[in-house]
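Colleague: Please take a close look at one part of this model for me. Keep it brisk.

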Amino acid sequence: MLRSLRVLCGLLLLASRAVAQQAGDTLSADCPQPRLMEMCVELDARRAVDPGAGPLTFRWNMGDGTQLTGPVVQHCYQLRKSYTIQLDVVEEATGEVRTAEKLIPVDFTKEIVLNFRAVDTVRVGQAVTFDALDSQLPLCKNVVVLWDFRDGYVTNGPQVQHAFRRPGQYAVRMSLRGNGPDACPSSHCVSRTVVVIP
């Protein structure tokens, strides 16, 4: 066993700043633009030592089929899931492999995710699909996706269609609302501008 194995695990999550709203309010809160969430980890085993074993090689099984080697590694995942990272340590002098020297759980399913897809420019009367992608409020039950197109029309659903009747710029808002338990946020929103041309 390593005398001192300290693996520093940093989750690099780039997500929208969550903005809470009061029930029924789609106007007063400033809803930021969605940003892509990067589901990445950075792992550092440089402080791991075993004086009796000599130099060590670190092999990381990232839990999604990816394998990396080195004392410091970075990896980004494609799917929002839970993963278990396994660190195997190889003694370079003997070739002995210490399997599962460290197991590190990484869970991307517990983060608030606010994002939606829509075209940037559309013509008057042209139907546009708005998709809430994988937006989630993981601490909530019965989450509803609400859309405010900022032209007098509102609707709900994870994927909806809408046609604007007049040209202009519309800061379309998507809100997630859910019910308890107590840790459930009342609502969060993001906005994206859609330009409607004649």
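Colleague: Where does Arg150 lie?

Modeller: Arg150 lies in the loop between β10 and β11 (154-156). Strands here are DSSP runs of E, at least two residues, and are numbered from the N terminus, as are helices (H or I, at least four). This is a predicted model, in which local features need pLDDT of at least 70, side-chain atom pairs count only at pLDDT 80 or more, and totals for chains, interfaces and linings use all residues. Residues are numbered from 1 along each chain as its sequence is written, and side-chain values use heavy atoms, with hydrogens and water left out.

Arg150 is not a glycine, yet its phi is positive, about 65 degrees. Most residues other than glycine have a negative phi. Arg150 has 29% relative accessibility, so it counts as partly exposed. The cut-offs are under 20% relative accessible area for buried and over 50% for exposed, with partly exposed in between (1.4 Å probe, protein chains only).

Now β10 itself. Asn142 lies in this strand. Asn142 also has a positive phi, about 50 degrees, without being a glycine. At 61% relative accessibility, Asn142 counts as exposed.
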